[in-house]
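Okay, thanks everyone, let's get going.

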Amino acid sequence: MSKILVIGDIYFETQYFVEKIPLEDEFSIASSATNIIGSKTINVSRVLSKKGNSIYFYGKVGDNEFGEIAKTILRKTYTLNTKYIFTVLNSQTGQISLVTNSDGKSSITLNLAANKLFNQEDISRFKKIVIDFDLVYCATNLPLNLLYLIVEECSIKNISVFIDIPNQHKLIKLKKLNNATFIAPNRQEAELLLNTKINTLEDAKHACLEIRKSYQGIILITLDKDGCIILEKENELPVHYKAEKVDIIDVAGSGDIFRAVFVDSWLKYNNIDKAIRIALKTASESVKIRGVDNTIDSLNFNISNNE
Ligand SMILES: Nc1ncnc2c1ncn2[C@@H]1O[C@H](COP(=O)(O)OP(=O)(O)OP(=O)(O)O)[C@@H](O)[C@H]1O
Ligand SMILES: [Mg+2]
């Protein structure tokens, strides 16, 4: 069991299911709706916790009632340690509203609210607590100057860092992430990072080598139906792993599940090849189940531990 600090966003998410997404001045009645507390990093934390790790979530909520609800759900339902979730005075808790039509397409409105209030004080606190952890998992929706400081501090203290790349692609200075153990964009994120197109496997290999020019750590690009590609530190050429062919029901969240299972297995076995195989197997199972929340709740995360 590892002790992992996940630094991330917290949202009160409402999803409305409608026949057609309303345009300006239009009105629609939802056939159903769901409310959850979520985010990409919360998905990852839930999976890491289900795999038996001790997960401390570092984040911010507002001082409205949703903040307390979020903390309670993270602690009681998702079994995360909420010691490092801070309530920001005079702020709201982050919110996401999704309106999803019968084809599964959504329109999304996001209010970052307390999630954007990370500052130097968090870095000072981080410096005091990080030594207690085996790995730090974070994403590029943090203010980039703070993310660079987090990576530096982990490097000084010899703590592994895994970075997901969902935001701010054009602004990221890969050289400043150089001391991170892993960076893990998906296909679209790698395209945005490099301002290129990744259609073929050759394109993906080329993308790894382009990233290598600025970043010396381990590069892991997930490639949806094509599996993933990895370029390890000491290797000159990237290695491709195929995804299993499966009947797809819903791919949403498969990347978060892949990354969480990869991190868990890497920490357990210290073997990248094995960690990728287990992560791919679990991600393949995850796309057969509808809904991220439902997938995390119902998937058997130990299916592939004996691979
Ligand atoms: N269409 C698919 N067919 C087979 N496997 C898939 C498919 N989409 C995703 N996967 C599995 O999930 C893993 C992660 O998928 P992907 O590269 O799309 O990550 P992501 O874009 O971060 O996730 P998401 O699309 O859920 O946000 C893949 O490596 C693969 O194992
Ligand atoms: Mg994807």
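I'll go from the ground rules to the sheets and then to the helices.

So, this is a predicted model, where local features need pLDDT of at least 70, side-chain atom pairs count only at pLDDT 80 or more, and totals for chains, interfaces and linings use all residues. Residues are numbered from 1 along each chain as its sequence is written, chains are lettered from A and ligands numbered from 1 in the order in which they are written, and side-chain values use heavy atoms, leaving out hydrogens and water.

Helices here are DSSP runs of H or I with at least four residues, strands are E runs of at least two, and both are numbered from the N terminus. Two strands pair if DSSP finds at least two bridges between them.

Let's look at the open sheet. It has 9 strands with mixed pairing, in the order β5-β4-β1-β8-β9-β10-β11-β12-β13. At the edges you've got β5 (85-88) and β13 (239-241), each with a single partner strand, so one side of each has no neighbour in the sheet. From one strand to the next the twist averages 15°; angles run from 0 to 180 degrees between N-to-C directions, and axes are lines fitted to C-alpha atoms, for helices over the stretch in contact. Inside that sheet, β1 (residues 3-7) and β4 (residues 54-62) pair parallel over 5 bridges, with Val6 opposite Phe57 in β4.

What packs on it? Helix α6 (residues 201-212) touches β10 (182-184), β11 (218-222), β12 (228-231) and β13, and its direction makes about 150° with that of β11. Contact, by the way, means heavy atoms within 4.5 Å. Then helix α4 (residues 144-157) lies across β1, β8 (135-139) and β9 (160-164), running at about 165° to β8.

Now over to β6, residues 94-100. 5 of its 7 residues are buried, so the rest of the structure largely encloses it. Buried is under 20% relative accessible area, exposed is over 50%, and partly exposed is in between, using a 1.4 Å probe and protein chains only. β6 pairs with β2 (residues 11-17) in the parallel sense over 7 bridges, and Glu13 has Ile96 as its bridge partner. With β7 (residues 106-111), β6 pairs antiparallel over 6 bridges, Gln95 being partnered by Asn111. That hairpin has 5 residues between the strands, and Gly104 takes a positive phi near 85°.

On to the helices. 9 of the 11 residues of α1 are buried, so that helix is largely enclosed too; among them are Ile42, Arg46 and Leu48. Gly52 follows α1 with a positive phi near 100°.

How do α1 and α7 cross? The axes of α1 (residues 40-50) and α7 (residues 254-269) come within 9 Å and cross at roughly 45°. The two are therefore oblique: under 35 degrees counts as roughly parallel, over 145 as roughly antiparallel, 65 to 115 as roughly perpendicular, and the rest is oblique. Residues in that contact include Val44 and Val47 of α1 and Ile257 and Val261 of α7.

Last one: α7 and α8 (residues 272-286) come within 8 Å, axis to axis, and cross at roughly 150°, so they're roughly antiparallel. Phe258 and Trp266 are among the α7 residues meeting α8, where Ile276 and Leu280 are among the partners.
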